[in-house]
Amino acid sequence: MRPLRIPWVQASLAWVLASWMQLCFVTMRWSRENEAAAQAVWAQGGGVLCVFWHSRLSLAPGAWPLDRAQPVKGLISLSADGEFLAKAMARVGFPAVRGSSANKDKAAQAKGGSQALRDGLRQLKVGGLAITPDGPRGPAGVMAEGLGALARMSGAPVVLMGLSCSPAIRLNSWDRAILPLPFGRAAIVWDVVAWPEGGETAAVLADWTERLNAAEARADALVGAGRD
């Protein structure tokens, strides 16, 4: 049995991860660029899509100020790994909307994806929805069409979040995820976009991919982190 399928192991590791993230968030020195664009979205309230690559998931809660911005729920897969992440994120103030995972049962996967879309649209009527458009299984850096569907159907603004930190541990995962270390440097670079009227999905997602990559590259530069 995989350890993350054991409830007490899952809960214990989620507590450890949440505690580690909180320690890092309060001890890291943060740099912020283009915050005025994000502040305008926070001031208007309502729905907002918060978008960042899966590899930077561990930094995202520290970059979204719950005292000024809309409350956010994270779209997290139905897998055991997703359950672990959902528990950890809830501990740092970001409860989950559960979506489909790379389940061998395609019918269950489709059902989970449809439910996640409905729940995501419901959340976007009242607050924020955080989404990693290349998760939960990749390919890394490739935006799935689900992001386009949520943006188009909700009409909510999309806040692209380039995140980085240094020093950090680079995990040997499919996305080469980073795990921050305390007392380091961190950066957040915002870019705000919206679904264009009559926009074609492939073209819009290609543009957003380029802009998110640029924001992340800038965040890496701010903390002196190298690009893989």
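In which helix is the place of A90? The structure is a predicted model, in which local features need pLDDT of at least 70 and side-chain atom pairs count only at pLDDT 80 or more, while totals for chains, interfaces and linings use all residues. Residues are numbered from 1 along each chain as its sequence is written, and side-chain values use heavy atoms, with hydrogens and water left out.

A90 lies in helix 4, which spans residues 80–91; helices (H or I, at least four residues) and strands (E, at least two) are DSSP runs numbered from the N terminus. With a relative accessibility of 43%, A90 counts as partly exposed, a class that falls between buried (under 20% relative accessible area) and exposed (over 50%), as computed with a 1.4 Å probe on protein chains only. Although A90 and A14 are 76 residues apart in sequence, their C-alpha atoms are 9.4 Å apart in space.

The largest nonpolar core has 38 residues, of which M28, W64, M161 and L163 touch the most other members; such a core is a set of buried Ala, Val, Leu, Ile, Met, Phe, Trp, Tyr and Cys residues joined through side-chain atoms within 4.5 Å. The elements that give two or more residues to this core include helix 2 (35–44), strand 3 (72–77), strand 6 (158–170) and strand 7 (178–193), and helix 1 gives the most, with 6 residues. Another core, of 21 residues, lies apart from it and has L129, L150, A156 and L205 among its members. In soluble globular proteins, nonpolar side chains tend to be buried together.

Leaving out residues up to four places away in sequence, M28 touches L59, C165, P180, L181, F183, G184, R185 and A186, where contact means heavy atoms within 4.5 Å. In helix 6 (residues 145–154), the buried residues are L147, G148, A149, L150 and A151, and this helix is followed by G155, whose phi is positive, near 70°.

S55 is placed in the loop between strand 2 (48–51) and helix 3 (60–63), and with a relative accessible area of 9% this residue is buried. Beyond its neighbours up to four places away in sequence, S55 touches D175, R176, A177 and I178. The side chain of S55 also makes a polar contact with the side chain of R56 at 3.4 Å; a polar contact is a pair of N or O atoms within 3.5 Å, and within protein one must be able to donate a hydrogen and the other to accept it, with residues adjacent in sequence counting only if both atoms are side-chain atoms.
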